[in-house]
Each structure stands twice: as C-alpha cells, then as structure tokens.
Amino acid sequence: MSKISKIIDTAVKVNGSIDKKLRLDKTDEQFYENHVVHTDNDKYTYESLTETASFLRKQVPFKPVIGIICGSGMGAYWNQGCLADALDGKIQFPYEVIPHFPRSTVKGHVGELVFGYLTGVPVVCMKGRFHYYEGYPLWKCAMPVRVMKLLGITHLIVSNAAGGLNPNFKVGDIMLVKDHINLMGFAGNNPLQGPNDDRFGPRFPPMNTAYSKELIIEAKKVAEELNMQDIIHEGVYTCLGGPNFETVAELKMLSMLGADTVGMSTVHEVITARHCDLTVFAFSLITNLCITNYKTASNPNHEEVIDVGKMRESVLQLFVQNIVTVIAKQANK
Ligand SMILES: O=P(O)(O)O[C@H]1O[C@H](CO)[C@@H](O)[C@H]1O
Ligand SMILES: Nc1nc2[nH]cnc2c(=O)[nH]1
C-alpha cells in the first residue's frame, strides 16, 4: 500500500464554521499500482480497514452516525453544489490522502470523503463512489461502506443516477429503492466473495429485508411535506457492470425480470452494508428513460445524467436533509 508522505491541512472559515481540507503535497507515485493490482491477497482485512478508520478518527473530532453516498445524480462530479458541500464544519479528505482507499478514476469525479453536520446531525458523505467499470473489483468498490461502519455509522443513505425502465417514470423523478436484482451476483460476482470475517457479519447474510421499510414510509411523508409526492415512486433497482449503456434487447429483458431502474452501482454497497448490519435507505434519480424500442434514435449519455442531477440538486438536498433529521429523531427516541 502507498505511503502518505506529507499531508497539508488547510483550514478555511466559511459562514462562521471552520472547514478543513486535507490534501497531499505531491502526486502519489503508487497511485497506478494501487488502482490496478487486485489479487485476492490484496483484499482488505479487518485490520487494514481499522487502520483507515483510525486515521480518519484521529482527525475528525466527532462520530458520524449516518453515511451518505452521493452518486452521479447528487453532485459526485461537481466542485460546488453537492450535498457534501452544504455540511457545517466540514472536514474533507480527498480519497488519495486516505490510507488504503481506492482513487476516483472517472473523469471530473471529485472523490472526497467529507465529514460534517447536516441539520445538526454528524454525517460522513462520499462525494463520488467507486464503480466496477473503473476496473475495481466489487469488494474494493464497496470498501468505504465498511470504513464508515467502523467509524460508527448506523445508517447508510445511498443515491444513484439511473435509467428509468418503468414506463410510468419521467426524467427527474425519484424512485425509492424497495429491492434490487443483483445481476452481477447471478454471474458469480459478489462483494462478499472470499473468506468471511465474522467481525463484519455472517457468512450467509439475508437480503430479503435489505431496504428499510420504515424509512421508505418516512421518505414518502418527507416527500409530501416537500410537495414532491408527484415525482416519487417505489421500485426495484438493478446494477450492471457498465460502462456501456444497455441495448434494447437487454432493457426488454430487464423489464421482464421486474427491474424499474438500471444503473451501475449501489447493489454491492447495499450488500456490504447489510452484511455489517447497517440500516439502508436508497433512491434513484431518473436521469434518462431507457429505450426499449428500435425506432428511437436518441442515445443515453453521461452528460444528460449530470445535467438532470444539477436540475434536481436543491430538491434532493432538501429531501436527504429531512430524511437525516427523521433518522436522527428515531435514534434519539
Ligand atoms: O450510480 P451512479 O454512480 O450514481 O452513476 C450512474 O451514472 C453513471 C452513468 O452515467 C454510472 O456511473 C451509473 O452508475
Ligand atoms: N446502466 C445504466 N446506468 C445508468 N446511469 C444513468 N442512466 C443509466 C442507464 O440508463 N443505464
């Protein structure tokens, strides 16, 4: 693993609260090696992830209770305007300064772990995530979930940008994920593959209750309060490896299988989260409609995914903020 030679710690005063950003003073020469080598021997041990968590804990004076993964539809690509930017008393760790952390390789992807307070609740946000199509195995894509668990979170909020397969969905709508289809798992690829460490969770974790029913009910209430009820749906997400978008025949098949949205993330994060007993809430922002006929000539593209995310920026922030408040209230009962 790479050595962190010197970390620069910049403190900036924003709106009366101190924001800290940590960065390396030089390029990490082992970046490429760290990104490319993925043998089974490289798999994270409980001990190595504990090292990562201790590094972060030493520099963050509070314990986050909720982890939030900000995907492509929630500002992972923006320097400003992501939910993570709105935290109070932020402490930001670019992924490259965190021991054992993978690097974001998607062009324009920010790649930061941001600690701070959201409506007074201590949280940790991933600004950008790791995808299988970047060349990372699923266990590596999902490793931050275990780090956040070791840091003390009890709940995980996962957002993703996804294609809408359900014909009732429109671009800009939000689907609360009630279940997923682990297609990559059907092909024998799973983030929990390999020796199981019982300190994280059981060898054979159940997945029939992966998404908290209670939080879905609460999220619907939040949506009504925010007058968002017309754009909220509930449904099934499925993840493909990417990076290409799907063919018409593939989308027809996925629709028959019962998928309502299609993306390239989330499932392996949720499996890892449930394995270590985190309560999970997830939603898809519908950034494009899946094309299930041969007459449509337009193509899905990543730019429209980002544009729709920007369009929904403020409403999604409010939505997540209110859900965080609900979770914190439940925890304090
Ligand atoms: O799932 P997130 O990271 O939100 O992003 C989705 O959007 C990207 C494709 O435009 C892919 O990364 C896909 O997974
Ligand atoms: N696989 C997949 N991922 C997406 N992310 C955003 N839109 C899409 C899509 O249509 N398909």
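Which polar backbone atom lies 3.4 Å from a nitrogen atom of ligand 2? The atom belongs to Ala 161. The model is predicted.

**Ligand 2**

- The residues around ligand 2 are Ala 161, Ala 162, Gly 163, Phe 245, Glu 246, Val 262, Gly 263, Met 264, Thr 287, Asn 288 and Val 305.
- Besides the backbone atom of Ala 161 at 3.4 Å, a polar backbone atom of Gly 163 is found 3.3 Å from a nitrogen atom of ligand 2.
- A side-chain N or O atom of Glu 246 lies 2.5 Å from a nitrogen atom of ligand 2.
- On its own, ligand 2 exposes 280 Å², and the protein buries 94% of that area.
- Ligand 2 takes up the space of the largest pocket.
- At least two shell residues come from each of β7, β10 (261-263) and β11 (279-289).
- Strand β7 gives the largest share of the shell around ligand 2, with three residues.

**Ligand 1**

- The shell of ligand 1 consists of Gly 71, Ser 72, Arg 129, His 131, Tyr 133, Asn 160, Ala 161, Phe 245, Met 264, Ser 265, His 302 and Val 305.
- Arg 129 places a polar side-chain atom 3.0 Å from an oxygen atom of ligand 1.
- Met 264 contributes through its backbone, with an N or O atom 3.1 Å from an oxygen atom of ligand 1.
- The side chain of Ser 265 has an N or O atom 2.5 Å from an oxygen atom of ligand 1.
- Of the 350 Å² of accessible area that ligand 1 has on its own, the protein covers 96%.
- Ligand 1 is located in the largest pocket.
- The elements that supply two or more residues to the shell around ligand 1 are β7 (155-164) and α9 (302-311).

**Residues listed around both ligands**

- For Ala 161, the polar backbone atom is 3.4 Å from a nitrogen atom of ligand 2, while for Met 264 the backbone N or O atom is 3.1 Å from an oxygen atom of ligand 1.

**Cysteines**

- The whole structure contains zero disulfides.
- Cys 276 takes part in no disulfide, and the nearest cysteine sulfur, in Cys 141, is 16 Å away.
- Cys 276 counts as buried because its relative accessibility is 1%.
- For Cys 290 the closest cysteine sulfur is that of Cys 239, at 13 Å, which is too far for a bond.
- Cys 290 is buried as well, with a relative accessible area of 13%.

- Thr 52 belongs to helix α2 (residues 46-59).
- With a relative accessibility of 0%, Thr 52 counts as buried.
- The side chain of Thr 52 makes a contact at 3.0 Å with the backbone oxygen of Pro 99.
- Lys 295 is placed in the loop between β11 and α9.
- At 82% relative accessibility, Lys 295 counts as exposed.
- Lys 295 and Thr 272 are 23 residues apart along the chain, and their C-alpha atoms are separated by 40 Å.

Methods: Residues are numbered from 1 along each chain as its sequence is written. Chains are lettered from A and ligands numbered from 1 in the order in which they are written. This is a predicted model: local features need pLDDT of at least 70, side-chain atom pairs count only at pLDDT 80 or more; totals for chains, interfaces and linings use all residues. Side-chain values use heavy atoms; hydrogens and water are left out. A disulfide is a pair of cysteine sulfur atoms within 2.5 Å. Buried means under 20% relative accessible area, exposed over 50%, partly exposed in between (1.4 Å probe, protein chains only). A residue is near a molecule or strand if one of its heavy atoms lies within 4 Å of it. A polar contact is a pair of N or O atoms within 3.5 Å; within protein, one must be able to donate a hydrogen and the other to accept it, and residues adjacent in sequence count only if both atoms are side-chain atoms. Accessible areas come from the Shrake-Rupley method with a 1.4 Å probe; for residues, only the protein chains shown count as cover. On a 1 Å grid over the protein atoms alone, a cavity is a set of points where a 1.4 Å probe fits but cannot get out, and a pocket is an open set with protein on both sides within 12 Å along at least five of seven lines; lining residues have an atom within 4 Å of a point. A molecule sits in a cavity or pocket if more than half of its atoms lie within 2 Å of its grid points. Helices (H or I, at least four residues) and strands (E, at least two) are DSSP runs, numbered from the N terminus.
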